[in-house]
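Morning, everyone. Please look at the screen.

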Amino acid sequence: MKPIGTDPRILSLAAEVAKSPEQNVPVILLKLKEIINNTPLGSSELKKIKQDIYCYDLIQYCLLVLSQDCSRIQGGWSTISQLTQILSHCCVGLEPGEDAEEFYNELLPSAAENFLVLGRRLQTCFINAAKGEEKDELLHSFQIVTDSLFWLLGGHVQLIQNVLQSDHFLHLLQTDNIQIGSTVMTMLQNILQINSGDLLRIEGKTLHSILDEVVFKLLSTPSPVVRSTATKLLLLMTESHQEILILLRLSACYKGLRNLLNKYEPGTEFSQEIGQLIALLTPKVYQEVEEQKLHQAACLIQAYWRGFQTRKRLKKLPSAVITLQRSFRSRRTKILLKLNKQKEEEHRRLQLQLQRQRAMRLSRELRLSMLEIVHPGQVEKYNREIEEKSALIIQKHWRGYRERKNFRQQRPSLTEYKAAVILQRATLKFLEKCRKKKKIFAPWQGLQDLTDARRVELKQQVDDYLRRHPSSQMSDVTSRELHSQAQEQLQHYLMGRALEERAQQHREALMAQISTNIEQLMKAPSLKEAEEKEPELFLSRSRPVAAKAKQAHLTTLKHIQAPWWKKLGEETGDEIDVPKDEFSVELGTLFIGGTKPP
């Protein structure tokens, strides 16, 4: 993904690289040096520029240029060395973001390997060069490449192990040229000063090769510069790692190293470093190293013993471990359930949004189809009905929301009311049971309030009611006759209503036909202005109807196709006159259903 707010200089440079031919790309990439130099070091602007350069693949272009043949590049080794500076400065301090794995695992190792390959090519050209000026130029380019490699390793320490294990680096170190060898050993010394721990992580064969080459240069090279650099490098390696010191002291390959170092004259410039190295190789120092080694072994044994004790205690506490595992798994399960719930809610929300959009789209399509069907004069009325329906729906939803809100607010009081009702019901049932128990165990006392006079009075009231309301009794034959009469009257009513409806429809059709004929006669031209075909319209009942339908149809089409500014100021019932030339369809081709004329 391309970054937002990219520097316009990077954009223009990337566009120029993409459009230019292959031989002009290296010279164009040199413009990056000016952009980087004009930006303050350590600023956020410089970080943003490096991110833009990486995102637009300009660093990959630089790597591709470094792998090309120097003779095909304009500017030669000078352009190549400047590109190595640009590449190292762009890679150091860069935050790749999403492509971090590709950047650290592929791009950086490839860049370090290309620097070493480029150094070997420069070494070969420097050895084969004949002129002094050409040698100076090649040596200067070689120093720029080594400085760029050191800058890259200083920003990304994890590449040191890859560089030390590379065969190209070992070939550069094994050169016989004094200037090249001094430059490579100085770079190795600077690398070990950054992180000397990577020296022991490389393979033993490679470590022995590097150590052999440093010792060889110390003992066999006549140049004091190379010997001084080799002495400082060997001293740094022995002081940093006890294993290398033990190797120099005990290995058969370096058995006479201390005696050879004693032969150097004390007046040399690096006699102090040689003295320190000889002092490290003496038996006394070796004894101290052995004691230190024994001390480290004792510490290791103590660490193993303490670890054994700790593991033994942990074996006695399985329940704690099981509890921790159970709590961890339950917490992880809760987190996963929460994440799944959030995903489901998000999916449900998206589906609801899509359904709403789909419903809105369908309603709008339905509305458009209805507008096409509705007569132009009825559009305003239709819009008012739609607005009223929409207002009613909004009011309904708002009232429902308000009532639900009120219900939620009144829910505690309703709960209390229901609880009170339940308590009252239970209490009343309990009291009823108590009263029933009392009645069961109470003795029968009879009806004390009901006397003989009262019984006579109630008996007389019942007899009077039965006398005033005698029961009606009907036989089965009479009920069947009454039912058949009701069915006949109902059938007669239904048949009469169907005939009345048919007659009403016929009257309405006749009235519509009469009104249509009257309207056609009112609009008909005089006999002087009438043409041959116009009188034929009144010979058949179907033709005036067809003409009226055609006229109404064309009027509607023209009104719909007219621009909006022509419809301004029109009323709902206004009609638009249509020229007679637009009646392109012959009326004889239309069929209008109906009865034939008498």
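I will take the helix contacts, then the aromatic pairs.

This is a predicted model: local features need pLDDT of at least 70, side-chain atom pairs need 80 or more, and totals for chains, interfaces and linings use all residues. Numbering starts from 1 along each chain as its sequence is written, and side-chain values use heavy atoms, without hydrogens or water.

Start with H5, residues 58–66. Helices here are DSSP runs of H or I, at least four residues, numbered from the N terminus. H5 packs on H6, residues 77–91, at about 145 degrees, with the axes 10 Å apart. Axes are lines fitted to C-alpha atoms over the stretch in contact, and angles run from 0 to 180 degrees between N-to-C directions.

Who makes the contact, meaning heavy atoms within 4.5 Å? From H5, Ile-59, Cys-62, Leu-63, Val-65 and Leu-66; from H6, Ile-80, Leu-83, Thr-84, Leu-87, Cys-90 and Cys-91.

Now H7, residues 100–128. Its axis comes within 10 Å of the H5 axis, crossing at roughly 30 degrees. That makes the two helices, H5 and H7, roughly parallel (angles under 35 degrees).

On to the rings. How many aromatic pairs does a search of the whole structure find? Two. Pairing needs ring centres within 6.5 Å, using the six-membered ring for Trp; planes under 30 degrees apart are stacked, over 60 edge-to-face, the rest tilted.

Trp-305 and Phe-308 are tilted: 5.6 Å centre to centre, 35 degrees between planes. Both lie in H17, residues 283–315, three residues apart.

Technical notes
Contact = heavy atoms within 4.5 Å. Parallel < 35°, antiparallel > 145°, perpendicular 65-115°, else oblique.
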